[in-house]
Amino acid sequence: MPRHKSLGEFELMVLLALIRLGDDAYGVPISREIEQRSGREVALGSVYAALDRLEDKDLVRSKLGDPTASRGGRAKRYFRVTQQGLRAVREAQRILVSMWRGLPALEGARA
Amino acid sequence: MNPRKPPLLATWLLERLGIANGNAPLAGDLLEEFQSGRSGAWYWRQTFVAIATGMCRNVWVARRYFGAFSIGYVVQACIAFAFWSNSWPSPLHGIAFATVAVATALLLLGFLSRPLWRPRDRKDPGSDLPNLENFLEFAIFAVAASDPI
């Protein structure tokens, strides 16, 4: 895999949240999903920074929704994972599982 | 019932520093979360992070400017050194001319290439509108470019 397509931990979490959320993935539900599953507060600015990086790598695409009054006339920016993004997630999973497999220290902790 | 209003100063800062280049949906998300019960302190924290990450991003985007000006200064230094070491007549005129010429060329190059840069949100027609951040960016580079050797 080319170096520029490699994923950081937070980028991987964002991609997994996008896959979970499907069509309704914009900033608020993405950050809530990560917060609920990781148990730590997530800054929306960091989520957008990660999404911008992922979009630069063509791993996600975004489109603007309609502006709404409840959001001060600002539109939602919806994100979805591309085929390349799905491949990158699968590759990250494969590498991590491979690294985890057969580590006695971790197997002991699991028991 | 009127919706809660987020801290005015934080919103003002966010709109001018943190969400440049058309990333207005971030401000909408923060407002949505604030109105669903988040605290003012949370809004301020999120604003600072958004500004910091936005600025880091802009430094990366503006790397061509930094590169161009570094090259420009090296060129100016070489020209100045040539005048000084050869004791050519009227060196100040030459240095001033070279400074102005190089600075103008770099500024023009930077602004002409700007539309080629990928904006954060290509579907937002307002994404390339000038704002305070763009102005500050221009002012800093203009001052740097006009600094004589």
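## A residue of chain A and its partners

Beyond the neighbours within four places in sequence, A:Leu18 is in contact with A:Ala25, A:Ile30, A:Val60, A:Phe79, A:Arg80 and A:Val81. The model in which these contacts are found is a predicted one.

As a general remark, nonpolar side chains tend to be buried together in soluble globular proteins.

## Chain B as a whole

Chain B has six helices and zero strands. Its pattern, read along the sequence, is therefore written with one symbol repeated, α-α-α-α-α-α. Of the 149 residues in chain B, 26% are buried.

## Where the two chains meet

On the side of chain B, 22 residues are in contact with 17 residues of chain A. The elements of chain B that give two or more residues to this side are helix H2 (24-35) and helix H3 (40-61). H2(B) provides the largest share, ten residues. By class, the residues on this side of chain B are eight nonpolar, six polar and eight charged.

One pair of helices can be followed across the two chains. Helix H3 of chain A (residues 44-56) and H2(B) have axes that come within 10 Å and cross at roughly 150 degrees. This crossing is right-handed. A:Leu44, A:Gly45 and A:Tyr48 of H3(A) make the contact with B:Leu26, B:Asp29 and B:Leu30 of H2(B). Sorted by class, the residues of this contact are four nonpolar, one polar and one charged.

## Helix H2 of chain B

How many of the twelve residues of H2(B) are buried? Ten are, and the helix is mostly covered. The buried residues are B:Ala24, B:Pro25, B:Leu26, B:Ala27, B:Gly28, B:Asp29, B:Leu30, B:Leu31, B:Glu32 and B:Phe34.

After H2(B) comes B:Gly37, which has a positive phi, near 120 degrees.

## A strand residue of chain A

A:Arg61 lies in strand S1 of chain A, residues 60-64. Is A:Arg61 buried, partly exposed or exposed? A residue is buried with 20 or more other C-beta atoms within 10 Å, and exposed with 12 or fewer. A:Arg61 has 13 within that distance, so it is partly exposed.

Apart from its neighbours within four places in sequence, A:Arg61 is in contact with A:Glu55, A:Arg80 and A:Thr82. A:Thr82 is 21 residues from A:Arg61 in sequence, while their C-alpha atoms are 6.7 Å apart in space. A:Arg80 is also one of the contacts of A:Leu18.

Definitions and conventions
Residues numbered from 1 in each chain as written. Chains lettered and ligands numbered in written order. Predicted model: local features only at pLDDT ≥ 70, side-chain atom pairs only at ≥ 80, totals over all residues. Helix = DSSP H or I, 4+ residues; strand = E, 2+ residues; numbered from the N terminus. Contact = placed C-beta atoms within 7 Å. Nonpolar A, V, L, I, M, F, W, Y, C, P; charged D, E, K, R; others polar. Axes fitted to C-alpha atoms, helices over the stretch in contact; angles between N-to-C directions. Left-handed = near helix turned anticlockwise from the far one by under 90°.
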